[in-house]
Amino acid sequence: MSRDDASLVRRLIYGGYNIIPVAQDKRPVGLDKYEDLYDEWNPERCILAIEKASKKATGYALLGRINPKYPEKILIILDEDAPGTVDAKLAEAGVQLPRTWIWRTGPRCPVCTLDNLDPKHGIKCTGNECTCERGHRFPLVPGNRGRARAFLIDASIAPREGVLKLLPVPNLGYAAEIRIRGYQLIPPSLHPSGARYEWEVSPDDMPEPAELDAETWRRFLEALGYREGEKKREGDVGEVGGLGVRHCEQLRVLTDAQIDEIINVIKSLYVPGYRDYVLFATLSLMWRACVDAESAKRFVERLTEWAERQYSDENRKKNLDTWRWVFTASGEKRRWGRKRFTEVAASVMQSVEKIGEFEARAKALDLLHQILQVMGVKPKRALLITYDFRFDRENAIKYIANDPTWGLAYMVKRLPGERKLAALARQEAARQCAAEGGCDRGRISEIAESLLADQKWVEEAQRRLTTYGYKLITSGWYVSRVARYIDATTGMAYYNIKLCHRRRRHCKKLRWISELDVGRAIRHITSSIYTEEELARIIDAIATEMTGGREVERYVVSGIVHEDGRVKLVARGPMARHFRQLVKAEGDPKAFLEFMKLFYGDSSKAWLAYTLGMFQAFNFLRKQFHLRNLLLILAGEPQTGKSEIARTVVKYIYGMEKNEKSAAVLYQPTRIGRAVMNTTLPLAVQEAKTFATSPNVADTIKNIATELTAWEVATAGTRTVAFPAYSGLIITAQTVRITDPGVAARVYLLQFSRSEVIPPERVRDFQRWREARARDLLSFGRLYLEIAVKEWDKVKDIILQGDYVKAAVEYMRYIVGKLGGSVPEVDPQEHQQAEEQYVDEVEALVELIAQEAKRHCSAEKMLRDCVAELLLRDMLIDVGVKCLECTQQLDGEVVITSSALHKLRESTNLKNLAEKLNERFGESGCTAEYKRKERYRYVGVPMHCFVRLFEP
């Protein structure tokens with residue numbers, strides 16, 4: 001894929017559309033599930049999937065439905081396998097569709113089309129010539145290809161179905177498919193035939209697809225033969241409903257007694273907050289079990305009659321609409337059935353009965369099979385086995401749901417490997433006898449009986465027995481040793497674990513595994529039947545028991561920190577091994593001066609880049625003393641040497657090979673959070689084509705610069721895990737667009753041009769010299785950090801001064817002076833800082849509205865009065881501002897909608913705009929409020945306050 005194509009895909013993603021990678025068979029790759037992307041815009045997940053599948057993917061697919069820029073609208077995709085047939089039908093009905101995004105799809109054999117044979121399968125294309133499986137050759141021209149188009153429609157007029165298949169065509173299937181919850185490959189994807197999809201009208205030609213109004217949409221559907229509410233049958237092979245097609249030899253008719261029995265089973269689940277889910281799950285069971293529609297309707301009516309006596313807000317119409325959708329609508333195939341019923345029932349019981357996860361799952365299985373029995377369905381055998389890990393043996397309950405009658409059987413069983421108390425007493429007695437010089441069996445029995453009579457010994461022995469049971473992760477594997485460390489910044493737990501196998505007689509060590517990864521790491525080694533969450537809880541219990549609850553609180557990081565009242569170098573966490581190599585490096589640190597003189601001469605900009613890049617190692621130390629930092633951005637065209645500067649600092653001077661990441665980490669907070677949590681040394685984020693500050697990126701950058709934590713994420717339950725912000729950042733980018741003033745104040749931008757870098761003919765010499773003297777450069781990095789520790793009293797005032805750039809320059813001069821060298825004069829003001837680049841969104845909004853007002857008002861009228869007049873006349877809707885309930889007294893509220901943001905900056909959002917308006921209002925008594933009304937979001941400002949922005 002070319003750079004232009006990659007840029008287009010990225011722009012579509014950040015423009016509000018979900019795009020996923022696909023293989024040549026048109027199936028998604030790089031992500032496990034994608035169905036939720038139809039309802040949620042998730043650019044970070046899409047970018048991550050594209051990166052992950054970069055080698056397997058042969059194309060990209062645009063998902064329908066989601067359109068976060070206009071929540072009241074949805075995206076639909078019209079896939080035309082027979083464009084000529086579609087055009088003829090639309091022309092016959094007099095329907096003319098507007099110009100929109102159009103692209104050509106796979107080839108169609110024109111000869112096979114005329115012969116009423118399958119025209120699109122078995123085709124192979126080479127260049128612009130294609131051959132079908134019957135040997136017909138034809139050129140790859142638009143007339144011999146399928147076509148796809150994208151439109152926007154109002155969400156209120158969209159059909160409930162996910163995919164509409166219209167205009168049946170012999171041997172082709174359908175001439176057109178309207179995909180509402182579906183995806184379609186877009187250019188430059190590779191078709192299975194070998195041809196590539198091609199744009200006719202691309203997003204470069206028009207930024208958004210055309211919108212169809214309600215009347216055009218209705219006439220368009222009617223022209224293609226769609227009638228809302230009709231059942232669609234694919235031949236005569238099955239019955240179509242909201243959950244797809246079901247194939248039933250005979251429909252089940254339920255008696256009133258059977259319906260009443262099912263209602264009695266689900267009464268405990270049919271509670272406020274869960275009624276809709278339970279009803280839908282039960283109707284889904286009936287649909288899958290081939291229960292006829294009338295029986296299901298009687299079930300809904302009788303359940304509603306009972307519920308109306310229990311709950312005053314029971315909605316009969318809504319319940320019947322749910323039944324109607326499941327049994328009469330034409331929808332896509334959803335995975336609702338036994339598994340989803342079990343999940344819904346388990347979640348209800350966990351919430352209502354306050355029971356554990358595994359007990360709830362077991363009881364949910366029991367209810368499921370009771371309902372299946374009532375309906376006359378023979379259930380499959382199933383087994384649910386798990387342990388509730390607590391410290392008392394009685395609660396280690398094994399839940400089994402494979403009873404022939406499908407009742408729930410509770411079995412209390414010893415934990416694996418648990419030994420009897422008497423056997424442990426005899427073992428202890430034998431050890432005591434051996435220490436005494438040996439004794440007979442009678443003496444061993446006497447000692448064992450005395451131990452069993454000692455209550456204190458018995459309690460300790462029971463604790464040891466329980467611990468032994470916990471230590472067994474799965475068959476053969478057990479925890480031999482474990483230590484737990486708590487990170488002093490975030491409270492995150494880290495483990496050092498020794499896992500051993502009883503029969504294979506070998507062990508594996510896990511070093512500095514965080515609580516986020518410990519379950520996955522152990523499951524990978526042991527192939528345990530337990531989930532990652534269960535294994536994490538088991539390890540936590542083992543650590544608590546084996547350490548007696550003791551916890552070691554330290555900064556779990558490799559680098560320079562202020563700990564125990566002094567500054568020191570620590571090697572802890574996943575990067576400890578690499579950091580020890582830096583601390584033990586031996587070589588000539590003066591090589592750095594030779595390096596700079598040889599390749600950069602007296603270039604003050606190059607010296608400043610290395611100075612600020614290396615000083616990033618002190619960012620966390622400065623944050624401990626409540627000082628603000630600057631992150632470094634190196635910008636410029638390709639081949640200007642900015643990436644080599646970042647790589648030299650991170651990999652050669654500090655020896656952190658793993659601290660070089662691609663630019664994609666910036667756009668997913670969890671990834672950047674993991675990247676900055678292991679070392680205080682800088683992280684290089686390389687080759688961002690355009691560094692732009694979207695809201696998520698802006699918040700993360702600001703946190704990394706000034707806060708102790710970079711990102712927080714909610715885990716299971718109510719717990720929140722915070723990622724510590726230990727590392728500084730060196731970002732390389734071709735262009736920089738910063739619109740958030742908070743980010744601009746926290747970064748320093750150095751712009752490079754080709755005239756200021758190493759000539760291309762010397763780049764190879766530069767790289768060879770760097771590799772040959774890598775040990776010497778590493779020793780300079782060791783000296784740079786060690787001087788700060790050994791001479792802290794002397795350099796403290798330099799490192800901890802408020803001016804970040806001045807501190808970096810003065811410290812570099814101090815280090816270079818010790819080596820007998822000098823640093824060229826550096827004037828930071830010569831180099832452009834990012835703080836000067838941002839645009840104030842409030843000023844931009846005022847200017848935008850002022851321009852609109854001047855178009856409608858005379859030059860003599862004051863701008864403030866002009867804006868007030870236009871708001872009263874509701875004439876500023878074009879820029880996303882309208883007035884609700886305005887009067888001549890300038891009361892009412894001005895509403896700023898998302899459409900105004902599209903004309904300002906891509907990186908802002910309504911919430912940020914509200915905050916900046918309040919900063920402008922100050923203590924004037926005016927307030928801008930970010931409000932949400934169902935799916936509609938806006939910023940509300942009192943009109944008399946809003947017009948103040950336009951005072952001279």
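## Cysteines, a buried strand and aromatic contacts

Arg275 lies over the face of Tyr311, 4.7 Å from the ring centre. A charge sits over a ring if NZ of Lys or CZ of Arg is within 6 Å of the ring centre and within 35 degrees of the ring normal. Lys605 and Phe752 make another such contact, with the charged end of Lys605 5.8 Å from the centre of the ring.

This is a predicted model: local features need pLDDT of at least 70, side-chain atom pairs count only at pLDDT 80 or more, and totals for chains, interfaces and linings use all residues. Residues are numbered from 1 along each chain as its sequence is written, and side-chain values use heavy atoms, with hydrogens and water left out.

**Disulfides**

How many disulfides does a search of the whole structure find? The search finds four. A disulfide here is a pair of cysteine sulfur atoms within 2.5 Å. Three of them, among the four found, are set out below.

| Pair | S-S distance | S-S torsion | Hand |
|---|---|---|---|
| Cys500 and Cys507 | 2.0 Å | 105° | right-handed |
| Cys857 and Cys866 | 1.9 Å | about 90° | right-handed |
| Cys926 and Cys945 | 2.0 Å | -80° | left-handed |

The last pair links distant parts of the chain, 19 residues apart. Cys926 is in the loop between helix H32 (910-921) and strand S34 (929-933), and Cys945 is in helix H33 (residues 943-946). Helices (H or I, at least four residues) and strands (E, at least two) are DSSP runs, numbered from the N terminus.

Burial follows one scale: buried means under 20% relative accessible area, exposed over 50%, and partly exposed in between (1.4 Å probe, protein chains only). Cys926 is buried at 5%. Cys945 is buried too, at 2%.

What keeps Cys109 and Cys112 from counting as bonded? Their sulfurs are 3.5 Å apart, too far for a bond. Cys109 is in no disulfide, and the nearest cysteine sulfur is that of Cys112. Cys109 is buried, with 0% relative accessibility. Cys112 also counts as buried, at 0%.

Cys500 is buried at 5% relative accessibility. Cys857 and Cys866 are both buried.

**Strand S8**

Is strand S8 (residues 145-154) enclosed or open? Nine of its ten residues are buried, so S8 is largely enclosed by the rest of the structure. Two strands pair if DSSP finds at least two bridges between them. Strand S3 (residues 73-80) pairs with S8 in the antiparallel sense, over eight bridges. In that pairing, Lys73 has Asp154 of S8 as its bridge partner. Strand S4 (residues 101-107) also runs antiparallel to S8, joined by five bridges. Trp103 stands opposite Ala148 in S8. Strand S13 (residues 210-211) runs parallel to S8, with two bridges. There, Phe151 has Ala210 of S13 as its bridge partner.

**Helix H21**

Helix H21 (residues 642-653) has twelve residues. Its first and last C-alpha atoms are 16 Å apart, close to the 16 Å expected at 1.5 Å a residue. The expected span is 1.5 Å times one less than the number of residues. Ten of the twelve residues are buried, so H21 is largely enclosed by the rest of the structure. The buried residues include Lys642, Glu644, Ile645, Val649, Tyr652 and Ile653. Just after H21, Gly655 takes a positive phi of about 70°.

**Aromatic pairs**

Rings of Phe, Tyr and Trp (its six-membered ring) pair if their centres lie within 6.5 Å; planes under 30 degrees apart count as stacked, over 60 as edge-to-face and the rest as tilted. By this rule the count comes to 30 aromatic pairs. One of them is tilted: the ring centres of Trp217 and Phe220 are 5.8 Å apart and their planes lie at 35°. Both residues are in helix H5 (residues 214-223), three residues apart, about one turn of the helix. Trp217 is buried, at 3% relative accessible area. Phe220 is buried at 1%.

Phe599 and Phe766 form an edge-to-face pair, 5.3 Å centre to centre and 85° between the planes. Phe599 lies in helix H18 (residues 591-599) and Phe766 in helix H25 (residues 760-772), so the pair ties together parts that are 167 residues apart in sequence. Both Phe599 and Phe766 are buried.
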